[in-house]
Amino acid sequence: MTELPCDNLNVPHHFDDAGQHYDAVSLGMWIFLATEVMFFGGLFTAYIIYRMRNPEAFAAAGHHLYMWLGAVNTAILLTSSWTMALAVHAAKHDDRRAAVRKLLLTAGLGALFLLIKAVEYYLDAHEHLVPGATFRASWSQPTANVQLFFFLYFVMTGLHAVHMLVGVGVMLTLAARASMSRKPMRSLANAVDMAGLYWHFVDIVWIFLFPLLYLVA
Amino acid sequence: MPQDMTNPNAKALSIYRNVAALLGLLLIATIVARWMPLGRLNLIVALAIACAKATLVAVYFMHLRQASRVNRVFATVGILWLAILIALTLVDYAQRG
């Protein structure tokens, strides 16, 4: 590992030192992220199969999403990954002020993403694009496959939004803990680091959702 | 790299800034590519850009570059299992006709 501040402050007694503690914590996080890859992976697989079977319906349906809202949201998430990386950096370098500010900034950008997503869902619902009895797509005659696209769209972006909601909660909790704690900031560095791994993972999921859902040619 | 050796702090921060800028450029590229008449290549271009973005985030923001070997194995294995899932499902559907 790179030079983490290797004082043995706040290392639980069952670890030899801070380095071993970090290895254990980060391995646990990467295992969790591998399970998350499979969680989202099932949906991505379903998307690939149904898109291959109904290319025209998916292309027609994709045109009815708000591409620019999706693009703005992508920019917001990419920026939030940057601020998250800066928060981890600040926490490791024991800079409490910067860490708290970057955590709050990350949470704020996450909240902005969710707000835009909510507006988008509202507009979609307004156009009767929510699958179910009220679904209407006058621009396509057999609507079943178009509905399939919107079903996948709502489940995939919905599951992603739930992850974002959890992430925003984690960032706010960490910011509160960091600003109230009397211990040195770097005693929270591992927690901030692991929250960062989760946040970046959720960003990566969106990096694939955006072209697949919004840029269907 | 040489001029920054005295200040690893500034070096790390400038790497983050450059990665963020690169991610922004890739986002613009993926939107521009949407209007290019590439036919079926459009999807491949969009996915290639997405893979590049994901790799940048994983390697620099998630510190895979400095991660221990075990962690790198787990990161790779997650993608490998997903590849198996998708590949075998596609084979199954191809057989059904």
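Author: Start with helix α4 (residues 96-126) of chain A and helix α5 (residues 144-180) of chain A. Their axes come within 9 Å and cross at roughly 155°. An axis here is a line fitted to C-alpha atoms, for helices over the stretch in contact, and angles run from 0 to 180 degrees between N-to-C directions. The crossing angle makes α4(A) roughly antiparallel to α5(A). The cut-offs are these: under 35 degrees is roughly parallel, over 145 roughly antiparallel, 65 to 115 roughly perpendicular, and the rest oblique. The crossing of α4(A) and α5(A) is left-handed. In a left-handed crossing the near helix is turned anticlockwise from the far one by less than a right angle; clockwise would be right-handed.

A word on the ground rules. This is a predicted model: local features need pLDDT of at least 70, side-chain atom pairs count only at pLDDT 80 or more, and totals for chains, interfaces and linings use all residues. Residues are numbered from 1 along each chain as its sequence is written, while chains are lettered from A and ligands numbered from 1 in the order in which they are written.

Now the residues that meet. On the α4(A) side they include R96(A), A99(A), V100(A), L103(A) and L104(A). On the α5(A) side they include T157(A), A161(A), M164(A), L165(A) and G167(A). Two residues are in contact if their C-beta atoms, placed from the backbone, lie within 7 Å. By class, the contact of α4(A) with α5(A) has 17 nonpolar, five polar and two charged residues. Ala, Val, Leu, Ile, Met, Phe, Trp, Tyr, Cys and Pro count as nonpolar, Asp, Glu, Lys and Arg as charged, and the others, Gly among them, as polar.

Next, the loop between α4 and α5 of chain A. T143(A) lies there. T143(A) is partly exposed, with 17 other C-beta atoms within 10 Å. The scale is simple: a residue is buried if 20 or more other C-beta atoms lie within 10 Å of its own, exposed if 12 or fewer, and partly exposed in between. Leaving aside neighbours within four places in sequence, T143(A) is in contact with F135(A) and A137(A). Look also at A57(A). It is 86 residues from T143(A) along the chain, yet their C-alpha atoms are separated by 8.2 Å.

H128(A) lies in that loop between α4 and α5 too. H128(A) is exposed, with 12 other C-beta atoms within 10 Å. Its phi is near 60°, a positive value in a residue other than glycine. Most residues other than glycine have a negative phi. D94(A) also has a positive phi, of about 65°, although it is not a glycine. D94(A) is found in the loop between α3 (67-92) and α4 of chain A. It counts as partly exposed, with 15 C-beta neighbours inside 10 Å.

Helix α5(A) has another partner. Helix α1 (residues 18-53) of chain A packs with α5(A) at an angle of about 160°, with their axes 11 Å apart. That makes α1(A) roughly antiparallel to α5(A). This crossing is left-handed. From α1(A), L43(A), A46(A), Y47(A) and Y50(A) meet L148(A), L152(A), V155(A), M156(A) and L159(A) in α5(A). The contact of α1(A) with α5(A) has nine nonpolar, no polar and no charged residues.

T45(A) sits in helix α1 of chain A. It counts as partly exposed, with 18 C-beta neighbours inside 10 Å. Not counting residues up to four places away in sequence, T45(A) touches L85(B), I86(B) and T89(B).

In total, 37 residues of chain B are in contact with 34 residues of chain A. In chain B, α1 (8-34), α2 (41-61) and α3 (69-96) each supply at least two residues of the side that touches chain A. α3(B) gives the most, with 13 residues. That side of chain B has 26 nonpolar, nine polar and two charged residues.

Last, step back to chain A. Its secondary structure comes to six helices and zero strands. Both kinds of element are DSSP runs, numbered from the N terminus: helices are H or I of at least four residues, strands are E of at least two. Of the 217 residues of chain A, 43% count as buried.
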